[in-house]
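Here is a short report for a reader meeting this structure for the first time. Look over the sequence and the model, then read on.

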Amino acid sequence: MTGHPAARIAPLTVVWPDVELGPGTTIEEFCIIGRPAGDAEPPRRTILGAGGVIRSHTVIYAGVVAGDRLVTGHHVLLRQDAVIGADVSIGSSSVVEHSVRIEDRVRIHSQCFVPEHSVLREGAWLGPRVTLTNAPRPGCPDVSRCTAGVTIGRGARIGANATILPGVHVGDGALVGAGAVVTRDVPPRTVVTGVPARTYCGTGDLTCPAGADHVPYPS
């Protein structure tokens, strides 16, 4: 590949025009970087910062802008106009749809779904197979008029297999238990569990399940 002398691009990878790769970024085999969303799509700049690792079979659409040290697992899909901060990690087989905002130091584990208009604030953490949703009435012919993205607050943690419904705000430092279905806003530093999710306690009330002498989530 030409045009990216400071990046390491494996064979069998496709890098479209208007792609900027930061120094030290590695693109593994079978990736597609800067793919237009459609034949009529106007040219869009795609930017990946320095020091990233884009693992095999990742597809990144045109218009994605990512900061330094983005790491993707295998088979990750990032759609157009996603804005991603520094030190973000996205696990294998996760999907990030268009017009999503992901701030610095966010961790998205494997097989997560993050739909359009979602916001993941700094340090947010999504466990495996977390599903965020944005369509209050799926299949409605006018669904685009009422789409409402989820906001995950700073340092909030979402347990494995949890589902967050459209428009919900999960507050800073909150904890959503594994398998929960969250239908309404979660206050900051609150633990919610169950289907539908209900308040369990404050994060500062949690103790180590293994009996270690520490507080898992100090205030």
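## Terms and model

A residue is buried when its relative accessible area is under 20% and exposed when that area is over 50%; in between, it is partly exposed. The model described here is predicted.

## The nonpolar core

In soluble globular proteins, nonpolar side chains tend to be buried together. Here the largest nonpolar core has 46 residues. Those with the most contacts inside it are I33, I108, L120, L126, I152 and V170.

Take I33 as an example. Leaving aside neighbours within four places in sequence, I33 is in contact with V14, V15, W16, V19 and L21, and also with I27, L48, I54 and I60.

## Salt bridges across the chain

Across the whole structure there are eight salt bridges. One of them joins the side chains of R44 and D81, at 2.3 Å from N to O. This pair links distant parts of the chain, 37 residues apart. R44 sits in the loop between β5 (32-35) and β6 (46-48). D81 sits in the loop between β11 (77-78) and β12 (83-84). Are these two residues buried or partly exposed? R44 has a relative accessible area of 26%, so it counts as partly exposed. D81 is partly exposed too, because its relative accessibility is 31%.

A salt bridge also forms between D87 and R69, whose closest N and O atoms are 2.5 Å apart. D87 lies in the loop between β12 and β13 (89-90), and R69 in the loop between β9 (65-66) and β10 (71-72), so the pair ties together parts that are 18 residues apart in sequence. D87 is partly exposed, at 31% relative accessibility. R69 is partly exposed as well, at 41%.

## A salt-bridge network

The side chains of E103 and R121 meet in a salt bridge, at 2.9 Å from N to O. Where do the two residues sit? E103 is in the loop between β15 (101-102) and β16 (107-108). R121 is in the loop between β18 (119-120) and β19 (125-126). The two are 18 residues apart, and the pair links distant parts of the chain.

R101, E103 and R121 are linked in a network of salt bridges. E103 counts as buried because its relative accessibility is 17%, and the cut-off for buried is under 20%.

## Helix α1

V143 belongs to helix α1, which covers residues 143-146. V143 is partly exposed, at 25% relative accessibility. Not counting residues up to four places away in sequence, V143 touches A135 and R137.

## Cysteines

How many disulfides does the structure hold? It holds zero. C112 is in no disulfide; the nearest cysteine sulfur belongs to C31 and is 19 Å away. C112 counts as buried, with a relative accessibility of 2%.

C146 is in no disulfide either. Its nearest cysteine sulfur, that of C140, is 5.3 Å away. C146 is partly exposed, at 34% relative accessibility.

## Aromatic rings

The structure holds zero aromatic pairs. One ring does have a charge over it: R79 lies over the face of Y61, at 4.4 Å from the ring centre.

Key
Residues are numbered from 1 along each chain as its sequence is written. This is a predicted model: local features need pLDDT of at least 70, side-chain atom pairs count only at pLDDT 80 or more; totals for chains, interfaces and linings use all residues. Side-chain values use heavy atoms; hydrogens and water are left out. A nonpolar core is a set of buried Ala, Val, Leu, Ile, Met, Phe, Trp, Tyr and Cys residues joined through side-chain atoms within 4.5 Å. Buried means under 20% relative accessible area, exposed over 50%, partly exposed in between (1.4 Å probe, protein chains only). Contact means heavy atoms within 4.5 Å. A salt bridge is a side-chain nitrogen of Lys or Arg within 4 Å of a carboxyl oxygen of Asp or Glu. Helices (H or I, at least four residues) and strands (E, at least two) are DSSP runs, numbered from the N terminus. A disulfide is a pair of cysteine sulfur atoms within 2.5 Å. Rings of Phe, Tyr and Trp (its six-membered ring) pair if their centres lie within 6.5 Å; planes under 30 degrees apart count as stacked, over 60 as edge-to-face and the rest as tilted. A charge sits over a ring if NZ of Lys or CZ of Arg is within 6 Å of the ring centre and within 35 degrees of the ring normal.
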